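Have the sequence and the model open side by side.

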Amino acid sequence: MGLLNSSLTALLPLFPERAVRPFAMRYVAGETEGDAFGIVHELNQSGFSATVDILGEHSESAEEAGEITDSYIRLYEIIEDSSLDCNISVKLTHLGLGHDDALAKENLFRLLEMAERRQNFLRIDMENSPYTDATLDLYEQCKMKYPSVGPVLQAYLKRSGDDLQRVLPGSPNVRICKGIYREPESIALQDLGEIRDSFINLVQTGLSGGAYIGIATHDTYLIDTLETWISNRQIERTRYEFQVLYGVPMGDRLERLLDGGHKVRIYIPFGAEWYAYAMRRFKENPKIISYIMGNWFKA
Ligand code: FDA
């Protein structure tokens, strides 16, 4: 079955959008701001916080990066005007990093100016390892002027313990996740058990060191272990939140976290670039691919 799934994964790019769309829309709020904020509103009503992300990365021109920044700025306006419990997550390559780093910085500061004016927060997603240094450098530069910004550290990267120590003195708001990109063994842990240990260690070190931590995982072993640790240590509820991606099946675990008084934030991606994002989600859960194939043949 594993071999079958990996063969199907290799075929994924051949699937037409119309076959993929019904499955993609489980993980993506839709194509427009209206689609995304409709879902944010519903989730807020049920007690969940949200973060929205405009799908896409690696803007290829100054115009594209500028337009994306403008779109993000508009999101802050809607969030405040509609009184939503929602912040924003952004990828720096979408703002121009890698194409024109000075422009990316300018766009990032423009966005943070608006986040501050609207009393909101900006999460800088972490991309693959060629961007780790530049992302953390930019984070440190803007954190001095705008406190409401936070980075992401990936538990699979061997450097993340050092990176956490580097940012800890600034009382940061850090999201910890396992890491989604394929990275070489020279810089990244490959063993699930080691990645879990690293994740736990980063969360515990961050919380003990005064950081606010976003615990971003669907792994119930990690959620259970950290919930128990937090409770034993009597860590205040205002010091952390659990975070999951929209659409990933969690049974009633999220409702139980809310019932236990924990904050839970749902990451909601939307936008025209839904196809590439959905492909990444499917690669994480290849069982879905056989359903897509069924749908494709029926289409
Ligand atoms: P794991 O992969 O072990 O999954 C646990 C269980 O959940 C499994 O049963 C699995 O099948 C299921 N599951 C997990 N993901 C699924 C999916 N997409 N679809 C269906 N089932 C799924 N990465 C990164 O490099 N940079 C970043 O900035 C972020 N940001 C981020 C924000 C938030 C809120 C989350 C939850 C995750 C990220 N990630 C990320 C992704 C993260 O690094 C990681 O790849 C995924 O969360 C999967 O790892 P888990 O810890 O969930 O465990």
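**A walk through the model**

R159 and D163 meet through their side chains in a salt bridge, at 2.7 Å from N to O. The term stands for a side-chain nitrogen of Lys or Arg within 4 Å of a carboxyl oxygen of Asp or Glu. Before going on, note that this is a predicted model, where local features need pLDDT of at least 70 and side-chain atom pairs count only at pLDDT 80 or more, while totals for chains, interfaces and linings use all residues. Residues are numbered from 1 along each chain as its sequence is written, and side-chain values use heavy atoms, with hydrogens and water left out.

How do the two partners sit? D163 is buried, with a relative accessible area of 5%, whereas R159 counts as partly exposed because its relative accessibility is 26%. Here buried means under 20% relative accessible area, exposed over 50%, and partly exposed in between, with a 1.4 Å probe and protein chains only.

The structure holds 17 salt bridges. Another one joins the side chains of E140 and R166, at 3.0 Å from N to O. That pair ties together distant parts of the chain, 26 residues apart, with E140 in helix α6 (residues 132-145) and R166 in helix α7 (residues 160-167). Helices (H or I, at least four residues) and strands (E, at least two) are DSSP runs, numbered from the N terminus. E140 is partly exposed at 28% relative accessibility, and R166 is partly exposed at 30%.

R253 and D224 make a further bridge between side chains, at 2.9 Å from N to O. This pair also links distant parts of the chain: R253 belongs to helix α10 (residues 253-259) and D224 to helix α9 (residues 220-232), 29 residues apart. R253 is buried, with a relative accessible area of 6%, but D224 is partly exposed at 35%. Salt bridges that share partners also join E80, D81 and R118 into one network.

R123 lies in strand β3 (residues 122-124). R123 is buried yet has no salt bridge, and the nearest side chain of opposite charge, E241, is 5.1 Å away. In that count Lys and Arg are positive and Asp and Glu negative, with His and the chain ends not counted. What does the side chain of R123 reach at 3.0 Å? The backbone oxygen of P151. Leaving aside neighbours within four places in sequence, R123 is in contact (heavy atoms within 4.5 Å) with residues including I88, V90, G150, V152, N173, R175 and Q243.

Next, the ligand. It is surrounded by 23 residues, the closest being M126, K178, G179, T217 and H218; a residue qualifies as near if one of its heavy atoms lies within 4 Å. β5 (152-154), β6 (173-177), β8 (240-245) and α11 (274-284) each supply at least two residues of this shell, and β8 gives the most, with 3 residues.

A polar side-chain atom of K178 lies 2.8 Å from a ligand oxygen atom. For G179, a polar backbone atom is 2.6 Å from an oxygen atom of the ligand. T217 has a polar side-chain atom 2.6 Å from an oxygen atom of the ligand. The protein covers 82% of the 920 Å² of accessible area that the ligand has on its own.

Most residues other than glycine have a negative phi. Q119, in the loop between α5 (101-117) and β3, has a positive phi, near 50°. Q234, in the loop between α9 and β8, likewise has a positive phi near 50°. Q119 counts as exposed at 73% relative accessibility, and Q234 counts as exposed at 70%.

Finish with A50, in strand β1 (residues 49-54). Is A50 buried or exposed? A50 is buried, with a relative accessible area of 0%. Its C-alpha atom is separated by 8.2 Å from that of V264, 214 residues apart along the chain. Not counting residues up to four places away in sequence, A50 touches V40, N44, D85, C86, N87, R265, I266 and I268.

Technical notes: A polar contact is a pair of N or O atoms within 3.5 Å; within protein, one must be able to donate a hydrogen and the other to accept it, and residues adjacent in sequence count only if both atoms are side-chain atoms. Accessible areas come from the Shrake-Rupley method with a 1.4 Å probe; for residues, only the protein chains shown count as cover.
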